[in-house]
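Subject: Handing over the structure

Hi there,

Here is the structure I promised to pass on, with my notes on what turned up in it. Please have a look at it first and then read on below.

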Amino acid sequence: MLPTTRKALPLLAVALLITGLSACGDSGTDNTSSKSATGAATDTAAAGDTDTDTDTDTGTDNTDTDTQAATGDDACAAYAQYGDLSGTKVTVYATFIDQEGSEYEASWAQFANCTGAEIAYEGSREFEAQLPVRVEAGAAPDIAILPQPGLLRTMVATGQVKPAPAAVEANVDQYWSASWKDYGTVDGTFYAAPLGASAKSFVWYSPAMFADAGYSIPTTWDELVALTEQIAADGVAKPWCVGIESGTATGWPATDWVEDMVLRFAGGANYDKWVAHEIPFNDPSIVTSLEEMGALIHNEDYVNAGIGNVQSIAAEPWTDAGYPIVDGTCYLHRAASFYQTNWTTLDPELTVGEDGDVWAFPLPGLTADSKPTIGGGDFVAAFSDRPEVQAFQAFLASPEWANAKATATPQGWVTANSGLDASLLQSPMDQLAFSVLADPGVEFRFDGSDLMPSEVGAGSFWTEMTNYFAQDKSPQEVLDAIEASWPK
Amino acid sequence: MDLLLHPESPGDKLLLMVIAIALFVVVTGAILALLSLPRRLPRWLAALGFLGPAVLAVCFGLVYPALVTINNSLKDRSGSRYIGLGNYVQAFTEGQFLVVLRNSVLWVVLVPVAATALGLLYAALVDRTRYEKLAKTLMFLPMAISMVGASIIWKFVYDNKVGLLSQAYVGVAKLFGQEVTAPQWLMNAPANTLFLIVVMVWIQAGFAMTVLSAAIKAIPDDITEAAMLDGLTAWQLFRTITVPMIRPSIVVVLTTVAMTSLKAFDVVRTMTGGNYDTSVIANEFYTQSFTNQNKGMGAALAVLLFVIVIPVIAYNVRQLKRSEDVR
Amino acid sequence: MTSPTTAARPTSAAPAKAPKPTRLTRAERRAVTAKNRLTSRTASGLALVIALLWTVPTFGLAVTSFRGSRRQITTTGWWKALWPSNWGDFSLTNYQTALGSQNKLGTYFVNSFVVTLPSVLIPITLALLAAYAFAWIDFRGRNILFIAVFSLQVVPIQVTMIPLLTQYVNWGLNGTYWVLWLSHAMFGLPLAIFLLHNFMREIPRELVEAARVDGAGHVQVFLRVILPLMTPAIASFAIFQFLWVWNDLLVALAFAGNTPEVAPLTARLSDMVGSRGSAWHLLSAGAFISMVVPLAVFLALQRFFVRGLLAGSVKG
């Protein structure tokens with residue numbers, strides 16, 4: 001096999017070359033990171049810490065945990081309840097990767113320091129496809145953070161998810177509302193404590209553009225429609241910009257739109273029945289809701305500012321769709337609270353805030369005092385009931401963890417854990433989202449597509465909404481097709 | 001044990017790799033040594049020695065999972081109850097399925113033919129030229145780029161705003177005095193399937209070119225030289241010498257590309273997500289197995305892949321028979 | 001081998017019968033060269049067109065990877081960056097971010113390398129042995145077995161995940177390099193055997209028979225006669241097996257997981273787009289970084305695409 005050894009030589013050469021290259025990269029970014037670290041210190045808002053300059057954040061996270069560990073007993077007092085877990089290991093599997101993944105790791109670093117347990121975290125974009133494979137093959141992680149309740153149901157059906165231990169249930173009873181506990185409950189057994197949450201019913205706008213044009217924030221649906229008409233009549237730019245392209249998940253942003261409309265025009269009670277399929281997907285009240293939505297964004301007069309026609313909604317990446325607001329070619333963009341990180345990914349110079357470049361107002365209800373909102377969240381499921389796993393579960397359901405997570409996250413994370421100290425949230429948008437989630441006057445509903453069977457919630461609902469824009473299908477046709485796909 | 005199972009440092013990892021290779025070389029060497037011991041090796045023993053390791057590996061890695069899949073295809077979505085041919089019936093009666101089937105057939109016919117033809121033509125054209133290495137590298141590039149890279153590349157071709165094709169279209173229209181906006185190439189069926197097929201051809205032609213180039217080089221020089229002395233033109237040489245001489249390799253390439261394009265779903269998945277009537281069986285298989293967690297249906301669709309490929313296999317059997325007859 | 005022999009016979013027989021080339025009149029010879037020059041010019045033109053068509057999209061990605069902001073990339077065509085007035089926009093930001101210390105590309109590079117080398121060597125060796133048996137050992141059921149083996153190419157890797165992972169877990173080997181090597185080797189075999197068998201069959205029977213008459217056993221024939229002649233075929237398959245393993249994400253994630261301990265470069269690169277997929281502009285740089293190695297391998301192995309290994313071995 002002489003040829004093989006000769007073949008290996010060039011490979012080795014290349015190997016050396018690349019390692020050398022990445023070493024150069026290291027030193028290069030070290031310089032920049034020290035620069036932006038000082039920037040971030042003065043400007044705690046969001047501007048400096050974007051998705052892109054990852055170095056800064058983890059850099060500071062590490063030093064944070066180091067200093068905390070050094071303070072010793074005091075800092076560990078809160079963790080005494082979990083006991084000494086030295087020599088144990090808890091594996092955690094979730095969707096969070098890159099920057100977001102390191103924020104999570106930082107949030108439980110202190111737990112690991114004080115209890116001695118090793119938390120082995122693995123994040124993957126293929127999480128939703130891989131988790132069932134691992135579970136079935138007998139390689140389940142100790143803890144999985146499920147991005148939606150539908151997956152929890154699938155996992156519980158495998159019989160391998162352990163019911164939540166008492167300490168977790170106590171925390172959830174104390175700090176979460178009953179409906180949040182319900183989302184983590186399957187067939188009467190409580191399995192999974194909620195972790196993070198998001199509020200989705202926001203409209204992004206540019207405070208400066210609104211001030212220039214003399215527009216005010218609408219507080220009722222009629223005002224929103226009137227504002228839309230006004231903007232179109234003034235003719236500076238079109239009112240709405242929308243984009244629902246999201247790779248293999250294309251269409252999901254449109255389902256959030258629909259859910260918002262159903263919650264408003266069909267009402268909360270019907271929303272629940274619709275999600276549970278107690279009324280058909282194409283119930284007349286849903287058709288009306290979709291038509292109301294079409295009046296705004298399936299309307300060449302009102303969309304798709306700076307991007308194209310109605311069809312372009314299907315092709316425009318959701319990550320970019322709000323950007324015309326910055327260009328001044330669009331006034332309104334409906335998106336979730338977590339859209340804030342997209343602004344700074346697109347342009348690190350942008351500021352998000354009431355007096356910044358972009359800001360958001362809650363999507364109005366039919367009346368000024370109704371505050372309907374939809375939102376999502378993730379849930380902690382355990383596939384093991386070893387003491388260290390249960391201790392870690394309890395920690396994740398505690399206000400201490402929520403506070404640690406808020407401290408570790410520059411922007412783009414909130415929770416419905418009422419024990420969270422809101423002042424620790426670093427970005428104004430996260431604070432706004434938290435105030436919505438914590439407001440008892442808000443009519444909150446969980447993102448319906450996350451509760452429906454995946455054939456619909458991650459299938460026909462997405463594709464048919466895409467067809468609604470791309471192929472100009474009528475609301476009735478769209479809803480009929482989704483109804484037909486509901487698994488019997 | 002830790003070094004063998006969970007090496008931490010780069011040095012340990014490389015060491016483990018060397019150990020593994022050494023182990024493999026020793027085992028293979030031992031098999032060969034044993035086989036060369038007896039003076040007259042019985043034929044079955046020789047076959048067993050040469051084939052055994054590969055057949056064993058393939059049985060464990062592919063045959064066994066394939067059998068599991070066939071079994072699963074007869075079960076319901078959770079894999080707990082047999083439902084006979086229910087999944088197949090459902091697959092065939094679902095409204096969209098005929099479109100998916102049509103697309104898959106288009107893929108499995110057009111991709112191999114186009115990729116092989118272009119790869120062959122190109123390999124022959126650049127053969128023996130001064131720029132051969134560079135030229136071949138250019139066509140090989142798409143293969144080397146990862147699937148994610150490829151999908152971004154083609155976004156910059158088909159995109160409505162920043163796509164090269166869209167801009168070229170608008171530009172050409174302008175030459176004729178027309179003001180147009182570019183269409184959404186990937187949204188309008190059935191042409192969009194062809195646009196996706198172009199991407200796959202772009203990727204696979206490099207494979208065809210490389211293999212066929214190796215085959216062309218195996219044509220004995222005396223044959224080509226003699227033909228050239230006969231005054232054959234380049235085209236005649238290509239048609240009457242090159243193609244017939246490497247015909248078996250062409251069949252191999254056609255077959256391989258056909259099978260690859262049949263089970264490929266990344267192009268469809270990353271570029272249209274299977275929307276706008278562009279889905280193929282492999283994509284449906286992925287959706288059913290992983291998004292919908294419908295194991296039975298996913299397995300049934302995977303089995304359909306075997307079924308579609310039967311004509312390709314039959315063609316190979318005929319080729320094999322033909323060449324056996326000659327030898 | 002119908003085709004080669006039938007095609008070869010008239011042409012290779014021709015020079016014997018035909019008058020020596022020098023006998024062509026000068027005019028005739030000039031005509032022939034002129035015609036050839038013309039065809040070679042069209043040939044070069046055609047090759048150039050194909051090469052351009054194949055390269056332009058990749059070139060676009062290359063330009064994109066040097067463009068500064070995500071915003072520019074998604075609003076203006078990449079060719080606009082080529083206008084001299086826009087040259088100031090070029091930057092290395094994407095590469096700096098991709099190669100940044102936080103990404104620990106060095107670690108992942110070592111992982112990729114450690115995964116790939118055995119995953120190429122093992123299937124090639126096993127496939128060479130198997131292809132030899134299919135081509136040169138006469139045993140019952142040979143054709144059926146061969147067809148069965150190459151048909152397995154159509155099995156999607158996804159269907160193997162649960163059955164194989166279950167076994168790996170039983171053996172306590174999931175999450176280690178061993179299962180990656182084994183899996184890649186198994187998945188590469190059907191195509192390897194198919195390709196190598198095709199080239200092995202082309203080797204003239206006389207060569208093998210001559211060696212056997214000299215008393216060589218199968219092992220000697222395989223090592224001394226067949227292997228040296230297989231260099232181009234081995235090189236071409238090695239290129240592709242290398243490529244597939246190097247660019248693989250699925251097998252690595254399924255059997256080893258996305259941890260710095262084993263995960264390859266591709267896993268790291270695909271994570272760079274962030275949980276919500278918004279930072280995909282970094283991928284353009286990432287794609288090029290990960291492409292360097294397969295390209296180097298391609299260039300290095302092209303050396304073995306040598307001509308004329310069989311020269312003089314074919315009967316006229």
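Two strands count as paired if DSSP finds at least two bridges between them. Helices (H or I, at least four residues) and strands (E, at least two) are themselves DSSP runs, numbered from the N terminus. Before you go further, please note that this is a predicted model: local features need pLDDT of at least 70, side-chain atom pairs count only at pLDDT 80 or more, and totals for chains, interfaces and linings use all residues. Residues are numbered from 1 along each chain as its sequence is written, and chains are lettered from A and ligands numbered from 1 in the order in which they are written.

Let me start with a sheet in chain A. Strand β7 (residues 202-205) of chain A runs antiparallel to β10(A), and four bridges link the pair. One of these joins A:F202 to A:P362 in β10(A). Both strands belong to an open sheet of four strands in chain A, ordered β8-β9-β7-β10 with mixed pairing. At its edges lie β8 (238-240) and β10 (359-362) of chain A, each pairing on one side only. From one strand to the next, the twist averages 25 degrees (axes are lines fitted to C-alpha atoms, for helices over the stretch in contact, and angles run from 0 to 180 degrees between N-to-C directions).

Next, the domains of chain A, whose bounds come from an automatic or database domain assignment. Domain 1 covers 54-199 + 375-444, and domain 2 covers 202-373 + 447-485. Taken over C-alpha atoms, the centres of these two domains of chain A are 30 Å apart. Where they meet, 20 residues of domain 1 of chain A are in contact with 22 residues of domain 2 of chain A; contact here asks that the C-beta atoms of two residues, placed from the backbone, lie within 7 Å. On the domain 1 side of chain A, α20(A) gives the most, with four residues. That side divides into nine nonpolar, nine polar and two charged residues (Ala, Val, Leu, Ile, Met, Phe, Trp, Tyr, Cys and Pro are nonpolar, Asp, Glu, Lys and Arg charged, and the others, Gly among them, polar).

Chains B and C also touch: 114 residues of chain C and 109 residues of chain B take part. Helix α2 (residues 26-65) of chain C supplies the largest share of the chain C side, 17 residues. By class, the chain C side has 72 nonpolar, 36 polar and six charged residues.

Finally, some backbone details. Most residues other than glycine have a negative phi, and most peptide bonds are trans. Two cis bonds, with omega near 0 degrees, go against that: one from A:V303 to A:N304 and one from B:A189 to B:P190. A:N304 sits in the loop between α14 and α15 of chain A, and B:P190 in the loop between α8 (164-175) and α9 (191-217) of chain B.

A:D472 is not a glycine, yet has a positive phi of about 55 degrees, and B:Q293 likewise has a positive phi of about 55 degrees without being a glycine. Are they buried or exposed? A:D472 is exposed because 11 other C-beta atoms lie within 10 Å, while B:Q293 is buried because 24 do (20 or more make a residue buried, 12 or fewer exposed, and anything in between partly exposed, with C-beta atoms placed from the backbone).

Enjoy exploring!
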